[in-house]
Amino acid sequence: MPGRLDIVIAGGGRVGFQTAELLVGQDHDVTIVERDGETCDAIADAYVATVVEGDATNPDILEQADIEGADVVAALTGETGLNLAVCMAAKELSPGIRTVARIDRAAGEGYTRFVDAVLFPERAGARVAANEIVGSDVRTLADVTGTLDIMQIRVEEGAPAAGKQLKNVRFPSGTLIISDDDGERIARPDTTLTPGRQYVVAVEPDVVDEVLNLLRG
């Protein structure tokens, strides 16, 4: 995994808050920018992350959140246009920053021209958002049927499935491990899930978090 990152999350709703909790648990520094005062108070009371109250499209607010010192900005509000605007404003202030935007399913993949990664959290939980924010150890390769995810996942040392043969791992129904550990063969029951190696996995959206937990911990 990458080292400690400074992450700014725009939007302190359910997705933003749960994602912040996971990232802080991974020892990253997280600042949440949220417009709603009551939501800000609730986040502050939970002692999860630094909170800045205000509109994350406002450069002054982004500067309060120390956007220039951040490695990643993740715009996770429920509004696609707002999320895109936050990422573009952050890029203006900090050209090297990684940008991740939550976008509506209907918006399609076109937004990848403007941001480094897009998320569809109506299908995938905070764990997927956290992995996308931290980097590319988990990548969704295709959005095949609108519901099925085909992902490339690096097995993490110490994860529940790490070092085990496929036949000995109880993956949830709706999971198919496609490649073996050298990427040259289809996975067999005796394929060992080697830590540090990447595997191509097809997953139904309601079991994504469970599969990631088995392979990543």
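Helix H6 is followed by Gly-217, a residue whose phi is positive, near 85°. The model is a predicted one, in which local features need pLDDT of at least 70 and side-chain atom pairs count only at pLDDT 80 or more, whereas totals for chains, interfaces and linings use all residues. Residues are numbered from 1 along each chain as its sequence is written, and side-chain values use heavy atoms, with hydrogens and water left out.

The chain contains six helices and ten strands, these being DSSP runs numbered from the N terminus (helices, H or I, at least four residues; strands, E, at least two). Of its 217 residues, 46% count as buried, that is, under 20% relative accessible area, with exposed meaning over 50% and partly exposed the range in between (1.4 Å probe, protein chains only). With contact defined as heavy atoms within 4.5 Å, 57% of the contacts between residues at least 6 apart in sequence join residues at least 24 apart.

An open sheet of six strands runs in the order E3-E2-E1-E4-E5-E6 with parallel pairing, where two strands pair if DSSP finds at least two bridges between them. Its edges are formed by strand E3 (50-53) and strand E6 (117-119), each of which pairs on one side only. On average, neighbouring strands of this sheet are turned by 20° against each other, direction ignored. Strand E2 (residues 29-34) pairs with E3 in the parallel sense over four bridges, and within this pair Ile-32 stands opposite Val-51 in E3. Helix H1 (residues 14-25) packs on the sheet, touching strand E1 (6-10), E2 and strand E5 (98-102), and its direction makes about 170° with that of E1. Helix H2 (residues 37-46) also packs on the sheet, where it touches E2 and E3, its direction making about 170° with that of E3. For these values, axes are lines fitted to C-alpha atoms, for helices over the stretch in contact, and angles run from 0 to 180 degrees between N-to-C directions.

In helix H6 (residues 208-216), the buried residues are Val-208, Val-211, Leu-212, Leu-214, Leu-215 and Arg-216. Val-128, found in helix H5 (residues 126-134), counts as buried because its relative accessibility is 12%. Leaving aside neighbours within four places in sequence, Val-128 is in contact with Leu-119, Val-208, Asp-209 and Leu-212. Val-128 and Val-208 lie 80 residues apart in sequence, yet their C-alpha atoms are 7.8 Å apart in space.
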